[in-house]
Every structure is written in structure tokens, then in C-alpha cells.
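Please look over the model below with helix packing in mind.

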Amino acid sequence: MSKTLPPPLPVHIAMQAMRKVPEVTIFFWIIKLLTTAMGESTSDYLVFHINPYIAVAVGGIGLIVSLVLQLLVRRYVAWIYWLAVVMVAIFGTMAADVLHVVLGIPYIVSTIFFADVLAAVFVVWYASERTLSIHSINSPRRELFYWATVMATFALGTAAGDLTASTLGLGYFSSGVLFAVLFAVPALAYWLFGLNEIAAFWFAYIMTRPLGASFADWFGKPSLGGLGLGDTKVALVLTILIIGFVGYLTVTHKDMKGQQQ
């Protein structure tokens, strides 16, 4: 006697189960900000405490390994996803700093360059997939576009944060306040004026990088109005906080609302 096969999952449920990124909740934004700050302080610590070329090489290897791991898993796994984000944050900071420190390129030039790179990624992504939604990351090609976008946002945010703090003379704290306001703008525009959800998300996402990095530098650096607590202490505290939040999400799955667990 043959068994009756269960009905197939609805298409939208099956696609949700294939997502490789978390739901956008308050936890998403908290951890994202923590990773941007941690990436800034960790990158600076590595570059100034070991040979800069070795630091960049180590950061690059860590980025490659974490992204390969993320691309190989078949669904969203909290610690794998956020490990990749952390490594993008560290290496993205190094990439932006190399242009200025090693090659002597002004922050305004690198900011414009990375903004152009990000715009190009968005254009190619949309031309290929007809969507830029984070909720549509359910195929290898879309995931590659997503991570290319993430890397571009980190490099752009690093350059923009250094531009406002150093070149424009705002210092770290004022830069942080500026980017905090800019971070809040798309949320208010979305709630009050119906700004497109995808545009609001990516604008806020871009702002998280200079926002987190500015406050990390304010705590860690002794210059430009910083408190001078040291990159080591700041990086350590932020790492502990990230591990705590990611561990919480791993247990509770609060970042998988609407996805099959």
C-alpha cells in the first residue's frame, strides 16, 4: 500500500526557507552597528600592531574563508552570516585606509570612488534581477550581488567617516552625531512619507558604517576629540557584545521571522 505524499510547500514558503540573510529586525540593526564599529577598531589595531601588509593579507584571507563558508551553506545561519559581515567590516576598513595611507589618495576622492562602485553594483544588480530587495536573496547570483553591495557600502562608509572627521574637521563625535541623524532620516521618511522600503533600507544600511566607525574611533582614538581608550579595549568589548547578540539569535531565532526554522 503506497503512502500518500504530503502536499508541496507553497512557493513563497519554500523561497523563504532558501533565504541566506536574516530578517530586518531591531537585532539586525544593533548587530550591524556593532560590526561596523568592531571592524573599524579591529582593523586599526591589526594595522598598527603588526606589519600592515601582513594585517591586510590576514584580513583578506579571513574575508575569503568567511564568504566561502557563507556561500556554501544552503540557508541562513546566524553565526556564519555575521562572521562574514565582521570580516567584510575589517577588510573593508583596510581597503579604504590603504587608498589614503599607502597611496595618498584624499578621502574625498576615495569617497567618490567607492560611491561610484556602489552605484555600479546597484545598477548591474537591478538590471540582472529586477529587484534590490534583501528579502529576495535566495539564489547564488543574487547572493553574490548582495555581498558585493555589502563590501562596497563598508568601503564607502569608512572613507566617508574619515572625510567628515578628518578632512572636514568635525572630529569623531560630531561625525557620529551627523551620521546618526542621516541613519534616522530614511526610517522617518518611510513611516511618515511612504519612502520606498528598499531605498530606505539601503540608505540606512550605508549610514551604519560611518556611524559605527565614528563612535568606535571616538572611544578608541586620542585624536580628533576622541576619548583615547584604545582600539584593543574597544574591539574586545564590541566583539563580546556581537557574540552575545548572535548567540541569543541562534537560540531564539528571532531573526528568522517568517522563515522556516
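This is a predicted model, in which local features need pLDDT of at least 70 and side-chain atom pairs count only at pLDDT 80 or more, while totals for chains, interfaces and linings use all residues. Residues are numbered from 1 along each chain as its sequence is written, and side-chain values use heavy atoms, with hydrogens and water left out. Helices are DSSP runs of H or I with at least four residues, numbered from the N terminus.

**H3 with H4**

- The axes of H3 (residues 52–72) and H4 (residues 78–102) come within 8 Å and cross at roughly 150 degrees, where axes are lines fitted to C-alpha atoms over the stretch in contact and angles run from 0 to 180 degrees between N-to-C directions.
- H3 and H4 are therefore roughly antiparallel, a term for angles over 145 degrees.
- Their crossing is left-handed, meaning that the near helix is turned anticlockwise from the far one by less than a right angle.
- In the contact of H3 with H4, 15 residues are nonpolar, five are polar and none is charged; Ala, Val, Leu, Ile, Met, Phe, Trp, Tyr, Cys and Pro count as nonpolar, Asp, Glu, Lys and Arg as charged, and the others, Gly among them, as polar.

**H3 with H6**

- H3 also packs with H6 (residues 140–167), at an angle of about 150 degrees and with the axes 11 Å apart, which makes H3 roughly antiparallel to H6.
- The crossing of H3 and H6 is right-handed.
- Leu-63, Leu-67, Gln-70 and Leu-71 of H3 meet Glu-143, Leu-144, Trp-147 and Met-151 of H6, contact being heavy atoms within 4.5 Å.
- The residues of this contact comprise six nonpolar, one polar and one charged.

Terms used
Helix = DSSP H or I, 4+ residues; strand = E, 2+ residues; numbered from the N terminus. Parallel < 35°, antiparallel > 145°, perpendicular 65-115°, else oblique.
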